[in-house]
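Please look through the sequence and the structure shown below before reading on. The notes after them are a briefing, grouped by topic, on how the parts of the model are arranged.

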Amino acid sequence: MAELLQFLTKNVGVSNSTHVDTYMGNGGYEPMMKALHKMKPEAVLNEVKASNLKGRGGAGFPAGLKWSFLPKEKKRIRYLVCNADESEPGTFKDRLLIENDPHLVLEGIIIAGWATQAKGCFFYIRGEMPQGARIFRKAVDQAYNKGFLGKNILGSGFDFDVWVVRGAGAYICGEETALMNSVEGKRGEPRLKPPFPAGYGVYGEASNINNVETYANIPYIIEKGADWYKSIGSAGSPGPRLFGVSGHVKRPGVYELPGDVTVREVIFKHAGGILGDRELKAVIPGGSSTPVLRSDQIDVPMDPDGLGSVGSMSGSAGVIVMNDTVCMVKAAVNLAHFYTHESCGQCTPCREGTHWLLDLLTRIESGEGKPGDPDLILQICDNIQARTICPLGDACAMPVRSFVQQFREEFEEHIRAGRCPLHAVEMTTVI
Amino acid sequence: MALIRIDDREIEAPAGENLLRVALKNGIAIPFFCYHPALSVVGQCRMCLVKVEGAPKLLPACSTLVAELPEDKKFEGKYDMVVETASEEVKQAQRGVLELQLINHPLDCPICDQAGECMLQEYAYEYGDSSSRMEFEKVHSPKRVDFGPHIVFDSERCIKCTRCIRFCREITKTNELTMAHRGVWNEIQLFHDRKLDNPYSLCTADLCPVGALTSKEFRFKERVWFLASANSVCPECSRGCSARYDTYRGEILRLVPIDNPKVNGPWMCDYGRLLTERIKGIERLDMPAFRRGSSLERHPWPAFAGKFLEKLSFYRKDFKKTLAVILSGRMTLEELIAYETLSEALFSDVSGTAPNVTRGEDDDLLIRKEKRPNLEGARRLGIAVSEENAAVADLLKGKKTALIVREDPLGDVEDEEAKAALEKALTGLDLLIVADDALTETAKLAHVVIPLPAWHEMEGTTVNFLGTLQKTARVLIPPRNRKPFYEAASLLLQAEGVEAPGGSFGPWFSKVKERIPELSELRVRDLLPHGVRLAGGDESASGGEA
């Protein structure tokens, strides 16, 4: 049984945890000093590579490998970007780190900057997180005052800056290249790849982008080593991981657990089980873009292999729990509405397809669906998935497809009965 | 060079070349909307998806580059790339994208100006399904948006390919347009306080693959399949853009640029196109005439020729001293040569001068300040060309008779004082002969008026400032007494009893070839479709390629 861990969340709940002195009093910034004074950049990079740290933004790409794609020539400008545009429905782990332990993230960024010999880092924070931006800005100021940022950091000869950039309210700006366009003040539309950010990123310079939680892991890898890191979790998902649990559970919240904890453990052991002691109906395991699981599919570890075996993925580890009062059609409408609203609209399939899906799902939900609708939905998903520049199209098509496939009965019942069967049940119980 | 296989064809292509371009060049049809050879690649319409061996998903051909593989990695031992453009998977993707492109499209083809030349319509027929599965209210957005002096926008027809945005950003660099809103509510908009009023705004209507951007001047005029077209040259400046003249029942309805890398690339300025509007008000001449007091005495060809020679006989002996001849860069090479022949017999070998009429400044795309299309041709024939906007009054000083062909010096002078002086000089002449295509201010003072066809009413050749020799076409047929200057010259020479090459284009073009040795081997068909660049042209100047 996986027990709660206390690494990434070590300072959460500690009084005045966002202050640099509190952080340093708890051993903070020592890994950074170790990296700057005792390790060459390549050694840091190799350590992170050896740890097999997987990106925590959703795609799970190995962070060390990503860093190594940056060009090495001395004269090239390299930028880091920290993706703090956390806006995937069901995902709220980065916010916890930014608001409670900004220095942990900042320290990770500085170490990554040293490893990649970057000029600075754009910290792109979601516009709807004003408090996080305030806290993080203050943390950056404190780090400058301590000499952890700026020119010649702690006498190492290394110059590094952090610029906090606030988003303006678009989910799509969490996509790496749309984020870069947004940083540059352009319309937040994903760029065509190639060229990849490692060669052509922010302002056309070589750039590396990682998620907040990814950076937060770096100090521990440097402090305790790659072998220690790999001893937590599984080979597919090493190290501690933050799981944001929401929905119909008794104790929603962020839980730090090894990457191979099972879905059942997360829900029943840590989050206290289903709200109102009702039946579990469905779980979205990794943020709203990941395919939904039925209640009989939750005995798998939350790593790529485990969730892959039931057709889903760990994504951003935002676990959304739904009990038996949830109408799956209505939930799908909710999802489709989000993606329709957030599509940037540059690619035809995503722009037009998401809206059509929303229309169809709404029709079924309101009891006016036609017998062919579920199949039409699946066909539209085929026409969206893997046909667009960025993954937003997939992010809508995958969960919608899974809702229809996993809960087809319920969709067909809506169409047959001309109304939502669940809501009818609720009504009678109330009366 | 990479060896690639597209469907069952083996094609050699340079590494780094755009896959869509390679396919199109080799006659392999891949549908596309947002791609345009002169604009940046955005890969967002997703219409050109193809299967590339080894790629995990379908790739847009427009943003896929031909790559070379190391020997041991080649497909089937020899191919650097294996591409499928017509497999079931690709067809399904094309159908899928097209269906999505159409679900919110108004399908108002019966009243849409683009119908008949609409890429969406073509592809729907070629790649799409015949029925729609869309059963919902379409997304509505603004219609009949006034974008600028010449462009109207219909957002519902727009397929969001962003060609127009990229044109204004990358070609004219005027940045009037942008995408506003998000997702299915995306809408092309003008930036605040801007109008789409750059000198090339009508190019956006050409670029628009659907009927979203239409020309105010052309819209609702005629269904495009009823248009009769001819490829010719724009006469409005020394660029001489290759243009297609679309006509209906004797009226030119629009000019569309022909993509000519030697001259204008795919673009053309609004001023040139709007020739269609300016020629509407022109008072044409249709019969040669002598002035008798305030009225004109009209005589049809060829009777006019005898009467004209009779009139000329009073002045001929003094021509050497008293005649001023003003020719024009609006005359084709054949017409210019015709004057030479004519002057030997009739005008005592007096040589003409072509005024260099300029207006404004050159821009860095197409527009030239020199406004005569064939001035370079005149130079190459050894005809004197005046300084920029030199006063014609000076040429008339001390002269008693004048022949002015295709120029309207009086109409072109802007300065009041100079105009008065010129008018005095012209009215003071004993004999003023004006040959032109319209009753210009100058022609109104003439003692003899000879009607000529307009630029678009005759065949000819012309040389632009880059030294590109192009052929003009007889887009419309003029009335029979409006004869090209070379034909008029032939008739006059015959009346004089001198042998002349006749009234058709061919023999006079042969005379041009004799004069410019470089052309001796040239056949007329070599001039199609893009003309021939002559030596000594301005090699450094681009032909409008972006």
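In this predicted model, Ser232(B) has Ala243(B) in E12(B) as its bridge partner.

**The three-stranded sheet of chain B**

- Strand E11(B) and strand E12 (residues 242-248) of chain B run antiparallel and are joined by six bridges.
- These two strands belong to an open sheet of three strands in chain B, in which the order is E11-E12-E13 and the pairing is antiparallel.
- The edges of this sheet are formed by strand E11 (228-233) and strand E13 (251-257) of chain B, each of which pairs on one side only.
- If direction is ignored, neighbouring strands of the sheet are turned against each other by 30° on average.

**Strand E5 of chain B and its partners**

- Strand E3 (residues 49-52) of chain B, by contrast, runs antiparallel to E5(B) and is joined to E5(B) by two bridges, with Val52(B) standing opposite Val83(B).

**The four-stranded sheet of chain A**

- Chain A has an open sheet of four strands, in the order E3-E2-E1-E4, and the pairing in this sheet is parallel.
- Strand E3 (161-166) and strand E4 (206-211) of chain A stand at the edges with a single partner strand each, so one side of each has no neighbour in the sheet.
- From one strand to the next, the twist of this sheet averages 20°.
- Strand E1 (residues 78-84) and strand E2 (residues 120-125) of chain A run parallel and are joined by six bridges, and the bridge partner of Val81(A) in E2(A) is Phe122(A).
- Helix H8 (residues 176-183) of chain A lies across E1, E2, E3 and E4 of chain A and runs at about 105° to E1(A).
- Helix H9(A) lies across E1 and E4 of chain A, and H9(A) runs at about 90° to E4(A).

**Helix H3 of chain A**

- Which residues of helix H3 (residues 41-51) of chain A are buried? They are Val44(A), Leu45(A), Glu47(A), Val48(A) and Ser51(A).
- Why do these residues lie on the same side of H3(A)? They do so because they cover an arc of only 160° around the axis.
- After H3(A) comes Asn52(A), which has a positive phi, near 55°.

**Domains of chain A**

- The domain assignment divides chain A into domain 1 (20-230), domain 2 (235-323) and domain 3 (328-430).
- Taken over C-alpha atoms, the centres of domain 1 and domain 3 of chain A are separated by 36 Å.
- Between these two domains of chain A, 10 residues of domain 1 are in contact with seven residues of domain 3.
- On the side of domain 1 of chain A that touches domain 3 of chain A, the residues divide into seven nonpolar, one polar and two charged.

**Chain B as a whole**

- Chain B contains 17 helices and 24 strands, and the C-alpha trace of chain B spans about 90 × 55 × 35 Å along its principal axes.
- Of the 546 residues in chain B, 45% are buried.
- Among the contacts in chain B with a separation of 6 or more, 67% are between residues 24 or more positions apart.
- The domain assignment of chain B gives domain 1 (2-97) and domain 2 (289-533), and the centres of these two domains of chain B, taken over C-alpha atoms, are separated by 53 Å.

**Where the two chains meet**

- How many residues does each chain bring to the contact? Chain B brings 26 residues and chain A brings 24 residues.
- Helix H2 (residues 88-103) of chain B gives the largest share of the side of chain B that touches chain A, namely six residues.
- Sorted by class, the side of chain B that touches chain A has 13 nonpolar, eight polar and five charged residues.

Definitions and conventions:
Residues numbered from 1 in each chain as written. Chains lettered and ligands numbered in written order. Predicted model: local features only at pLDDT ≥ 70, side-chain atom pairs only at ≥ 80, totals over all residues. Domains from an automatic or database assignment. Nonpolar A, V, L, I, M, F, W, Y, C, P; charged D, E, K, R; others polar. Buried ≥ 20, exposed ≤ 12 C-beta atoms within 10 Å, placed from the backbone. Arc of directions from axis to C-beta. Pairing = 2+ DSSP bridges. Axes fitted to C-alpha atoms, helices over the stretch in contact; angles between N-to-C directions.
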